[in-house]
Structure formats: C-alpha cells, structure tokens
Amino acid sequence: MNNDLLSRLADLDTAPRTELSAAELDRKQRLLRTVLEDTGQPVRTAGAPFRRPLVRRVAFTAAGGLAAAAAVLAATGILPGSQSSGPLSSAQLASWTATPAGLDSSSRNGGAAEKWCLDTSKGGQDDSAPAKISNADIRGSVASMVVTRAGETTYCLAGSDGSGVSMAIDTVAAGAAADAVTLDTLGARGSDSGQFNYALGSVGADVREVTVRDSGQTVQATVQDGRWTAWWPDGNPDGLLTGTLTLTLADGTTRTVDGPSLMG
C-alpha cells in the first residue's frame, strides 16, 4: 500500500469534497479500527485500560486484504502515518466544549460513561465498597468524573465511543486557604490531534468558580466537594500549566493566580 495508490483510488470518487462532521469523523475512526482489526494490525489505545477487542474475522487473501484496506482508507481520506494516538480519539476531542454540562447518568451516553468509570476504578482492596462520584460533567461527547472507593480516588475521562482513560489521584488536600486553590495533579495524554491536558486540585471554602486559561484555551473548571477539575485539547504537550487560574469568590470578587507558581 502506498500513497500513490491511495491518491489514485481517491481520484475515482466523483462525490464533491466536503468537510466531515464530528459524527462522520467518529464513524471514520471506527471504520478504520474495524479494517485494521480484520487485517491483523494492533489497535490497542495508548494509556487506556486494555480489553481484548471483539474482532470480526473476514477471510482475506494477502492481496485482497491490502486492497480492501487501501480502498477504505482512500474513501475516508486517511493516509498511513497520519493518525494521532491517545486514549480519546480526535473525533471525541473535536466535540470538546470550554463550559461543561452536568452529566446525566440516566441518558445513554451519561450512563455508559459512568459505568465505564466505575468499572475502571475497581481493582483495589475492596471492590464491593460503595463508590462516590463527584465533579461529574460532560464536554461535548466526553464525560469526566472523580470516583472514590474504599479510600482510593480515581480521575476518569470516558468518550461516547467506549474509549477512555483513568488514573489514580490523591484525596482532596486539607488546609487550603479560603480564597486559594492548590494544584494536585496535571499532565498530558495522547499526541497530535489526539492530545489533551488535564489539571485537578483543591479549592478553599470561599472559592466558587475556577477558570483556567492555558495554551490559548479558556476552560471553566468543575468545582465540587472541595475539588476543581478541568481538561482541554491542544494544550502543552509536556503537561505543564503555563497560563493562569482566575478564582471567583463567594463575595463576587475575583483573583488571578499564576499557573506555574502552583506547580512548586
């Protein structure tokens, strides 16, 4: 398979060239994964808990398999080496919104995301212990939440396509000043168009809102139970917080904190 073959196959498509919608991009990603599974290519998502994929087996000859893959790749506009990698697909990240919505666990996507995060939070000493969920929100088609179970705390992001990532984090830090915040966990996952940043910390008793400004993005954090959480695409690839945090206090006043100063 080569780029010349893909270009010639794409030229045979008489349909007018149009930009794909987020839903079409999502279907394109799933179609590519199906083709790669059928041709024996690895499809494990970096950074996400691994579950063996359910693979549909199709009888391909070597030439037939490559020709089929080439045709699909040409039709979808995907070229070898052009794919980003990460626990969340670029189509999922493209739906991101700066302001989160509350997560409705009774909806199809909300319920699936909550179950994914609860399942991946297991593995500790007492999986039968009740789980507490806080800071649950959804930005576009990606939900995030903090799950605490038997003294262990997990931060989780789950996409509507079944992708996701979870990580162990510290409990809420005690002793934050009433008008201040702390930065407890931050980082970056994925690469290229699949890259995103996340940051979490504790808030003082008087802090009502936290707005993160970093790498050209303005993100309204979710604040609940003494903690703030935020994530955004196209951030610093090293996972650093290079911008500012604006805190809105109970009396309506605001103060701005330099992000790097919180990293210590």
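The model is predicted: local features need pLDDT of at least 70 and side-chain atom pairs count only at pLDDT 80 or more, while totals for chains, interfaces and linings use all residues. Residues are numbered from 1 along each chain as its sequence is written, and side-chain values use heavy atoms, with hydrogens and water left out.

**Chain overview**
- The chain has 6 helices and 13 strands, taken as DSSP runs (helices H or I, at least four residues; strands E, at least two) and numbered from the N terminus.
- Of the 264 residues in the chain, 40% are buried (buried is under 20% relative accessible area, exposed over 50%, partly exposed in between, with a 1.4 Å probe and protein chains only).
- Contacts (heavy atoms within 4.5 Å) between residues at least 6 apart in sequence join residues at least 24 apart in 61% of cases.
- The accessible surface of the chain comes to about 13700 Å², and 50% of this belongs to carbon and sulfur atoms; the areas come from the Shrake-Rupley method with a 1.4 Å probe, and for residues only the protein chains shown count as cover.

**Surroundings of Ser 163**
- Ser 163 is placed in the loop between strand 4 and strand 5.
- Ser 163 is buried, with a relative accessible area of 15%.
- Leaving aside residues up to four places away in sequence, Ser 163 touches Pro 87, Leu 88, Ser 89, Gln 92, Trp 116, Leu 157 and Ala 158.

- An open sheet is formed by 5 strands in the order 1-2-3-4-5, with antiparallel pairing (two strands pair if DSSP finds at least two bridges between them).
- Its edge strands, strand 1 (101-102) and strand 5 (164-169), each pair on one side only.
- Strand 1 pairs with strand 2 (residues 131-139) in the antiparallel sense over 2 bridges, and the bridge partner of Ala 101 in strand 2 is Ile 138.

**Helix 5**
- Helix 5 (residues 108-120) has 13 residues and reaches 18 Å from its first C-alpha to its last, close to the 18 Å expected at 1.5 Å a residue; the expected span is 1.5 Å times one less than the number of residues.
- Gly 110, Ala 113, Trp 116, Cys 117 and Thr 120 are the buried residues of helix 5.
- These residues lie on the same side of helix 5 because they cover an arc of only 130 degrees around the axis, the arc being that of the directions from the helix axis to the C-beta atoms.
- The buried residues of helix 5 pack against strand 3 (142-149), strand 4 (152-159) and strand 5.
- The face turned away from this buried side carries the exposed residues Arg 108 and Lys 115.
- At the start of helix 5, a side-chain oxygen of Ser 107 comes to within 3.0 Å of the backbone nitrogen of Gly 110.

**Strand 11 and its partners**
- In strand 11 (residues 227-233), 7 of its 7 residues are buried.
- One side of strand 11 holds the buried residues Arg 227, Thr 229, Trp 231 and Pro 233, and the other holds Trp 228, Ala 230 and Trp 232, also buried.
- Strand 7 (residues 196-202) pairs with strand 11 in the antiparallel sense over 7 bridges, with Gly 201 opposite Trp 228.
- Strand 10 (residues 222-224) runs antiparallel to strand 11 and is joined to it by 3 bridges, with Gln 224 opposite Arg 227.
- The hairpin of strand 10 and strand 11 has 2 residues between the strands, and Asp 225 there takes a positive phi near 50 degrees.

Conventions: A polar contact is a pair of N or O atoms within 3.5 Å; within protein, one must be able to donate a hydrogen and the other to accept it, and residues adjacent in sequence count only if both atoms are side-chain atoms.
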